[in-house]
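Dear colleague,

My notes on what was found in it follow directly after.

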Amino acid sequence: MKDQKIALITGSNRGLGFETAKQLGEQGVTVIVTARSTEAANKAADSLKAQGINAYGVKLEVTNADDRKAVAQYIEDKFGKLDILVNNAGVGPKNREGFGNTSLDTEPEEFEYVFNTNLFSLVSLTNLLLPLIRKSDAGRIVNLSSILGSLTIHSLPDSPIAAMKTLSYDASKAALNIYTNHLAAALADTNIKVNSAHPGWVKTELGTDAAQMEIPDGAKTSVALALLGEDGPTGRFIHLGEELPW
Ligand SMILES: NC(=O)c1ccc[n+]([C@@H]2O[C@H](COP(=O)([O-])OP(=O)(O)OC[C@H]3O[C@@H](n4cnc5c(N)ncnc54)[C@H](OP(=O)(O)O)[C@@H]3O)[C@@H](O)[C@H]2O)c1
């Protein structure tokens, strides 16, 4: 059991999270798939089990403190450690079509909604799971960020994301990137690596059908960062093996 890698992927009932769990499972990792309801978590786990993957379904609404505690207790009781945490669950802007510039009309409630899922709950969950990750021989934390959180790329004169300036979402991912930087620094003298992933623009519910990448390719960055070797980077912002500017 000690050599068996255990991964928890948040928001893994669909989209990039489910595919990340599938690809990690195919590489022999035991995956804990989580969803906002027990039914959705079990359905996802059952579908992976049917493909020969060692999967467990657990309810985890990341904004719910009781759920966060319960999943930590579950892992402690069942596995006694956690090797991989993929902080994948995320939301886009509420009640909006597209990702246009919203910097003139974003209300506090919108920031609260997006930051609660994309940052505050993620930090709380990570802190709660850190004692279990410290028990791993090679802990890996992957934070699902976005190129839309890159200040450098937004600032380029010919920025490829010039038309996409959804303040709440972009600010939440920029803040998540700072968390990656700070957490990696805090854990620099451990064997835990912490990185931000940009999956690409991927055809999921969030990415929409207009996106360029298919889901299997979109999950590749998270999977690679989850399985980084000892010589791999920490405190970096990565897309398909290439470093992105913050
Ligand atoms: N797709 C892209 O082009 C793209 C690009 C850059 C970054 N990303 C990032 O990649 C991550 C995954 O995105 P995706 O494209 O796979 O999105 P998605 O298809 O919309 O899936 C989002 C997942 O997160 C879950 N989730 C949302 N809020 C949650 C909460 N409060 N508690 C627990 N689970 C929650 C959803 O659960 P429900 O089914 O219950 O809603 C769903 O499983 C996100 O962090 C996103 O910001 C995506």
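In this predicted model, the axes of helix H3 (residues 65-78) and helix H4 come within 10 Å and cross at roughly 15 degrees, where axes are lines fitted to C-alpha atoms, for helices over the stretch in contact, and angles run from 0 to 180 degrees between N-to-C directions. That makes H3 roughly parallel to H4, since angles under 35 degrees count as roughly parallel, over 145 as roughly antiparallel, 65 to 115 as roughly perpendicular and the rest as oblique. H3 passes H4 in a right-handed crossing, a crossing being right-handed if the near helix is turned clockwise from the far one by less than a right angle, and left-handed if anticlockwise. On the H3 side the contact is made by Arg68, Lys69, Ala72, Ile75 and Glu76, and on the H4 side by Ser124, Leu125, Leu128, Leu129 and Leu132; two residues are in contact if their C-beta atoms, placed from the backbone, lie within 7 Å. These residues divide into six nonpolar, one polar and three charged, with Ala, Val, Leu, Ile, Met, Phe, Trp, Tyr, Cys and Pro counted as nonpolar, Asp, Glu, Lys and Arg as charged, and the others, Gly among them, as polar.

Two conventions apply throughout. Residues are numbered from 1 along each chain as its sequence is written. Because the model is predicted, local features need pLDDT of at least 70 and side-chain atom pairs count only at pLDDT 80 or more, whereas totals for chains, interfaces and linings use all residues. Helices (H or I, at least four residues) and strands (E, at least two) are DSSP runs, numbered from the N terminus.

Helix H4 (residues 108-133) also packs against helix H6 (residues 167-186), at an angle of about 20 degrees and with the axes 9 Å apart, which makes H4 roughly parallel to H6. The crossing of H4 and H6 is right-handed. Its contact involves Glu110, Phe111, Val114, Phe115, Asn118, Leu119, Leu122 and Val123 of H4, together with Ser168, Tyr169, Ser172, Lys173, Ala175, Leu176 and Tyr179 of H6. By class, the contact of H4 with H6 has 10 nonpolar, three polar and two charged residues.

Turning to the ligand, 29 residues surround it, and the closest are Gly11, Gly15, Gly90, Thr204 and Gly207; a residue counts as near a molecule if its C-beta atom, placed from the backbone, lies within 6 Å of it. Helix H1 (residues 15-26) gives the most to this shell, with three residues, and the shell as a whole divides into 12 nonpolar, 13 polar and four charged residues.

Some single residues also deserve a mention. Glycine 57, found in strand E3 (residues 55-59), is buried, with 25 other C-beta atoms within 10 Å; a residue is buried if 20 or more other C-beta atoms lie within 10 Å of its own, exposed if 12 or fewer, and partly exposed in between. Leaving aside its neighbours within four places in sequence, glycine 57 is in contact with Val33, Ala41, Asn42, Ala44 and Ala45.

Threonine 208, in the loop between strand E6 (193-197) and helix H7 (215-218), has a phi near 70 degrees, a positive value in a residue other than glycine, and it counts as partly exposed with 14 C-beta neighbours inside 10 Å. Leucine 240, in the loop between strand E7 (237-239) and strand E8 (242-243), likewise has a positive phi, near 45 degrees.

With best regards
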